[in-house]
Amino acid sequence: MAVPLERIRMKQTSNDSSSRPAIVWVCIVFVALSVCLAGFSIYSALISKEKTVAQHDSQSSTTSDVSQISSIYQDPKAITKLLTTQIESYIHDRDYAMSDLAIYVESGDESVTYKLNVDKTMTAASTYKLALAMLYYDQIAQGEKTEQSTLTFGAESVRDEGSNPILGSYGIGSAVPIEDAVAFTLTYSDNTAAAILYDNLGGWEEFCDLRSRYSKYPGIAENPLDNVCTAAQLMDEVRLLMNNQTKYKPIISALDGAAADSYLNDLVEEDTMIQKYGQVGGATNSVGFSKVGNPYRIVVLSNSNDNTVDPGVINKIAYNVLNQTADAKEKFWEKLELQPAGPAEEIEITEPYYPASPDTEPDTATPYYPSAPVSPSIDDGSNDYIAPPVSTEPTNPVLPDAPSLTPDDSGTSADPGIDPGMPTPDPGAADPSPAPVPTEPAPIDPPELEESALC
């Protein structure tokens, strides 16, 4: 029987109406899920951004103080120009030749810099002792040694130039703790203590080779025994010291107050700078960084006549400009009683290996040679040491006849047959008393010097 056409149309209409609610609900659910996913994506992005900002803030808070002062210098170029003008006005007023000076000043954030002859090879004097101490504290930080690890005090390390107070505490053959050798080297600029340090590294040339890790701008030595440097090299070293004060804390402690009112500290408030100084012949050098005010670093190498005032005046200029003091633009040095500088050719040059002008006045109460009897080195690996007994009998040990292959502070080399620690004999001096027979241990023969080696 045929189904009426109207009934078929009614049935189809009924089925379409019943399926619409299901389709609507599916669409609603789809839209809702899409909104949720979009919301979750936005939320995740916001959380990620907050974490990034938090990490950046954390990193910023752990950076050194130098990054925190960058906003102080509203116009670094203007400050650099003022610094340049002031330093070069001083040089002009003193009638110095530019070639007599090497100066490097750098603000803590490195936005303000002054450079003069920073790549010029200059006499280093005792400024080398800073890097020497840093090499040992690198080994301590790496766990290779401790501050109580001992070094052998060989006869070849004895020096008679400058003040050597370590000789009042240790004699030839003693086992000297690293912390003591470093303290004497930096606090008193003790040349014998410094020789103990670099001799235990393998000698002067080995020290120079190890020191090269700190800078690619060393001075060009004509002889491997020359004690020379550049201002750029010293700036790299003092920058490393300033930026790693926890690692090098004992070094900074030894330097702190060692020259509280002289050299870089001469004209600024007392004890403003952490510094290592050196003076020999016609050279007066200072390198250091500020511990008050806006952080900065400075190197002054001066071969000018009457130059003992130069580190103090130049550092006072740097301090005034970088801290923007009221007298930053003043020629304050005109009010100082400064002796006029003479021509460069009038500078008295220290003869090779002649005892140099000491970094500090000799202590007449401290013997230049050890009064303790010779005893074998004591180092059984336990890092314990025993100082040798002090003899009541006055002795005068004979230094080795073999030439010493270590430099003096003058930065000049000479006939290798001359011991750099021995003065030129004075014809007018009285004949010395006969020297006693040498005691054990026998003099140490130094290694052969390789002429091609350079530091």
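A salt bridge here is a side-chain nitrogen of Lys or Arg within 4 Å of a carboxyl oxygen of Asp or Glu. By that criterion, a search of the whole structure finds 9 salt bridges. The model is predicted: local features need pLDDT of at least 70, side-chain atom pairs count only at pLDDT 80 or more, and totals for chains, interfaces and linings use all residues. Residues are numbered from 1 along each chain as its sequence is written, and side-chain values use heavy atoms, with hydrogens and water left out. Buried means under 20% relative accessible area, exposed over 50%, and partly exposed in between (1.4 Å probe, protein chains only). Helices (H or I, at least four residues) and strands (E, at least two) are DSSP runs, numbered from the N terminus.

**Salt bridges**

- Glu106 and Arg239 pair through their side chains at 3.0 Å, N to O. This pair links distant parts of the chain, with Glu106 in strand β1 (residues 101-107) and Arg239 in helix α8 (residues 231-243), 133 residues apart.
- Glu106 is buried at 3% relative accessibility, and Arg239 is buried at 16%.
- Arg297 and Glu110 form a salt bridge at 3.9 Å, N to O. Arg297 lies in strand β9 (residues 296-302) and Glu110 in the loop between β1 and β2 (113-116), so the pair ties together parts 187 residues apart in sequence.
- Arg297 is buried, with a relative accessible area of 0%, whereas Glu110 is partly exposed at 46%.
- A network of salt bridges links Glu106, Glu110, Asp236, Arg239 and Arg297.
- Asp256 and Lys291 form a salt bridge whose closest N and O atoms are 2.4 Å apart. Asp256 is in the loop between α9 and β7, and Lys291 is in the loop between β8 (283-290) and β9, 35 residues apart.
- Asp256 is partly exposed at 34% relative accessibility, and Lys291 is partly exposed at 35%.

**Helix α4**

- Of the 14 residues of α4, 13 are buried, so this helix is largely enclosed by the rest of the structure.
- Gly143 follows α4 and has a positive phi, near 80 degrees.

**Strand β5**

- Pro177 is in strand β5 (residues 175-177) and is buried at 1% relative accessibility.
- The C-alpha atoms of Pro177 and Thr150 are 4.2 Å apart, while the two residues are 27 apart in sequence.

**Helix α1**

- Val35 is found in helix α1 (residues 5-62) and is exposed, with a relative accessible area of 55%.
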